[in-house]
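Here is a short report on a two-chain model. Please keep the sequence and the structure in view while reading.

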Amino acid sequence: MEKTISAKRLLLYLLIIGILFLYLFPLFWQLSTSLKESDEVFSGYNLIPKKVTWKNYRIAWSQFNVKRYLLNTILVSSIIMLGTLICCSMAGFAFGQLQFPGRDFLFFLYLGTMMVPGAVTLIPSYYIILRLNMANTFAGLILPFFFGSAFGTFLLRQFYMTLPKDLFEAATIDGAGYFQIWLKVMFPLSKPAVATLGVMTLVQHWNSLLWPLVITQSPALKVLAVGLSDFRLFRNIQWNSLMAAVMIAILPMLLILFFAQKYFVKGIQFSGINR
Amino acid sequence: MGTTIQPVTHVSMPKRAPKKRWRQWVTGYSMILPNFIGFFIFMLIPIIATIGLGFTEWDLVNDPRWVGLANYKHLFKDRIFWLSFKKTIWFTLINVPVQSFLALLIAVLLNRKLKALNLFRTLFIIPWVCMSVAVGLTWTWLFNTQFGYINHVLTSLGLERIGWLTSDKLALYAVIFVNIWQYLGWHIILLLAGLQIVPQELYEAATVDGANNWMKFWKITIPMISPFFFFDLVVNMIMTLQIFDLPFAMTNGGPGNATRVFNLYLYQKGFSFLLMGEACSMGVVLFVLIMVATFLVFKFLGSRVNYEM
């Protein structure tokens, strides 16, 4: 009895690992190509390169301008994340814990816009940025997202609503103002929710293409998604160097995924279940 | 006792409450203000403006000129508009069921007491955290007709090379395939959360009654997961109708118009041809399409969902 169960387990593990290997194979191949010499790229199909070279990463880094794109992406996505966390935390607290007229109406207005596709807001938003003289600037990349999203406010509101009312009342009796209650008592408690929103926002804006594509033209301002997408139209691509560029573009998010995996899982579950 | 306490609360309440309430209003409004400014300027105004601009001719340089329904009339006579419309529907009709069902199968496979479950879950969402442009380029390399790995596998099996991204019959399916691959893990996580809520006692009771795994899957798992699965289908549909990044990065709409999905054509109308009014009317059409599709799915599938949890 014992034996058959453990054999079943082993089979299950092997099956899952097999599926995962196939599933992640494109990324293994991408890594492998990025480490190959140019002549091996077009001749061999070994997953393990015959001779490992880091030259492609140097080419991607300087010739393909990936260094600049990477720095721009870090700058833009981290500022957006910071702004989102602050603005959505405050709004989430106000919606979840405070009483004021029009609160529920406003909140439902927020929810109502969550189904509106991005394409609907694209052109007027672009025009607003144009009129603010922010087209082709970092400010133009950041501003529309800096104040947070309906999704983020929703996520944090749901969190603040789960905090016990006693906590709020106890802090009120101690004579703290509402803003102080948020800053000193509630915000420190919200770390898991903030971390969840943080990783979701970071991934979204690290990878985002359409807005940076319409708002930036000069190479000095391009983020990774836009910079890399330029290569799609090239003939005679150096595939090994391009795969190195692709590796550089995804590696930071892979690292964050492994260090903050439970927040990603929470974030996905939230964006599904509470939608 | 009661009589001695009551006066105290009566005295203190009227003094403090109005002031407190007023302070709470002010703090409430100020704390949502930054978030609301962003929402107002970059969400609410643009939504309304798009509807209005859809009735105008506008090139960003000159002022918008009112043209009534001309944009819509023009769109409905535009062959490429209908092509992109059909491509998007077709994309969604294939992508959504295949992706969600595959995700359900893998989620069922993973829904056991596995020591490495967290690791497996994390590995499955790797493609989702990767940028679409990046993995799009990786797949372009894998699909490469001459040197790509996929054609290498085909030729070593004695088959012909296939122009995956250069054939106007296959390119759309190749992009759909990559899209299914990229977001599969996202759906697995979502459905796994649903599966974990199913009470274990149901399975235990079924085992006592002599049910096998296959019967348990159809009689317990499927009915219990159906609200989650339905929900996953709806979210998946709404996301897929808005597909942009992958076709942009992999084929840029080509070859010909083979992968020119709705959002890609909208982007080109606006930012390549500067037909901003028409692009706005396309945005309205997309929104209506999403609403109608969601309504139809709720009407025809929603009633079959088991909500008794």
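The report takes the interface and then the nonpolar cores.

## Interface between the chains

This is a predicted model. Chain B and chain A bury about 9,000 Å² between them. Of that area, 78% lies on carbon and sulfur atoms. Chain B puts 93 residues into the contact, and chain A puts in 96 residues.

On the chain B side, B:M31, B:F42 and B:W141 lose the most area to chain A. Together they make up 10% of what that side buries. Helix α1 (residues 2-53) of chain B supplies the largest share of the side that touches chain A, with 23 residues.

## Polar links

How many salt bridges are counted between chain B and chain A? The count is zero. Polar contacts do cross the interface of chain B and chain A: 20 residue pairs are found, with both residues at pLDDT 80 or more.

## Nonpolar cores

The largest nonpolar core holds 185 residues. Within this core, A:L228, A:F264, B:L110 and B:M131 touch the most other members. Helix α8 (residues 171-195) of chain B gives the most to the core, 15 residues. Chain A contributes from two domains: at least three residues come from each of domain 1 (2-53) and domain 2 (63-273).

Leaving aside residues up to four places away in sequence, B:M131 touches A:W206, A:N207, A:L224, A:A225, A:L228, A:A249 and A:I250 in chain A, and B:Q182 in chain B.

Terms used:
Residues are numbered from 1 along each chain as its sequence is written. Chains are lettered from A and ligands numbered from 1 in the order in which they are written. This is a predicted model: local features need pLDDT of at least 70, side-chain atom pairs count only at pLDDT 80 or more; totals for chains, interfaces and linings use all residues. Side-chain values use heavy atoms; hydrogens and water are left out. A nonpolar core is a set of buried Ala, Val, Leu, Ile, Met, Phe, Trp, Tyr and Cys residues joined through side-chain atoms within 4.5 Å. Buried means under 20% relative accessible area, exposed over 50%, partly exposed in between (1.4 Å probe, protein chains only). Helices (H or I, at least four residues) and strands (E, at least two) are DSSP runs, numbered from the N terminus. Domain bounds come from an automatic or database domain assignment. Contact means heavy atoms within 4.5 Å. Buried area is the accessible area (1.4 Å probe) that two parts lose on being put together, summed over both. A salt bridge is a side-chain nitrogen of Lys or Arg within 4 Å of a carboxyl oxygen of Asp or Glu. A polar contact is a pair of N or O atoms within 3.5 Å; within protein, one must be able to donate a hydrogen and the other to accept it, and residues adjacent in sequence count only if both atoms are side-chain atoms.
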